[in-house]
Amino acid sequence: MELTGNQLMFIIFSGVIVLFSILTVTTRRILRAATYLLFVLISTAGIYFMLNFQFLAAIQLTLYAGGIVVLIIFSILLTSHISQKFEPVGWKKMILSALASIAGMIVCITTILNYKFSANAAIAQEINMDVIGKSLLSYEHNGYVLPFEVISVLLLAAMISAIVIAKKGKTQQEK
Amino acid sequence: MSHAGIPLHYFLIVSTIMFFVGVYGFLTRKNLITMLMSIELILNSVNINFVAFNRYLYPDGLHGQFFSIFIIAVAACEAAVAIAIIINIYRRFRTISVEDVSEMKF
């Protein structure tokens, strides 16, 4: 069977995602976990590119890979030693958690494989910035102005609360 | 029923594996930051689902893409607030292991 370029890219991306997400949750060094998470997020952006969602892939790269991972690495550097290794997870806990996850995985995958998705032959809508911006601010059919406004309020609240929580409180002598 | 020669099921299987790897990490990890990373994995796998459904089943709309954008925004908020809380906990207890942080009143 001849592999097309798209299939080859999908195999690479999904292999990287599966391998590095397993490494993210099993590695014993915390900074390495953050680096592996970065690989997973970048491959996810590659999958978005494959499906022709360029805008979403750009958001994924800038916000997830650029923003959240940097934030996580900063907090790692603030709170733990780089050379510190976690103690290994206990056998009992590891086996029970792995059993729970694998059981869930099997249930979901068999359900997915048995379900016949009905194909849709509709013509794909062209995605450009014009369409995205207009539907984010439109209140008509297929408009998203309400979640857009809610998310902006949420971002403001999160920003203020992060500053208030992380602010250094007064020490005993200052009081 | 395949876009560029890849059936929809493959995307769903990849995202399922990613989701349950995230669940495994959330159950086994004890460090707060690594638990946060597991949550990011879970949110990301959901995004892949939304995007694949959008492209394969409803190609004439953009609902999946917008839901993914909103999920990414919520994940960013969650990470910012969680890291602020983690830094505050570290300042008070000198550790971020969930087992050592057991008192809420100070």
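Student: Leaving aside neighbours within four places in sequence, which residues is A:Leu37 in contact with?

Tutor: This is a predicted model, where local features need pLDDT of at least 70, side-chain atom pairs count only at pLDDT 80 or more, and totals for chains, interfaces and linings use all residues. Residues are numbered from 1 along each chain as its sequence is written, with chains lettered from A and ligands numbered from 1 in the order in which they are written. Contact here means C-beta atoms, placed from the backbone, within 7 Å. On that basis the partners of A:Leu37 are A:Thr24, A:Val69, B:Met37 and B:Glu40.

Student: Which residues touch the most other members of the largest nonpolar core?

Tutor: A nonpolar core is a set of buried Ala, Val, Leu, Ile, Met, Phe, Trp, Tyr and Cys residues joined through C-beta atoms within 7 Å. Buried means 20 or more other C-beta atoms within 10 Å of a residue's own, again placed from the backbone. This core has 60 residues, and the ones touching the most other members are A:Ala34, A:Leu37 and B:Ile33.

Student: How many residues of H2(B) are buried?

Tutor: Helices are DSSP runs (H or I, at least four residues), numbered from the N terminus. H2(B) is mostly covered, and of its 25 residues the buried ones number 18.

Student: How far apart are the end C-alpha atoms of H2(B)?

Tutor: The expected span is 1.5 Å times one less than the number of residues. With 25 residues, H2(B) should therefore span 36 Å, and that agrees with its end C-alpha atoms, which are apart by 37 Å.

Terms used. Helices (H or I, at least four residues) and strands (E, at least two) are DSSP runs, numbered from the N terminus. A residue is buried if 20 or more other C-beta atoms lie within 10 Å of its own, exposed if 12 or fewer, and partly exposed in between; C-beta atoms are placed from the backbone. Two residues are in contact if their C-beta atoms, placed from the backbone, lie within 7 Å.
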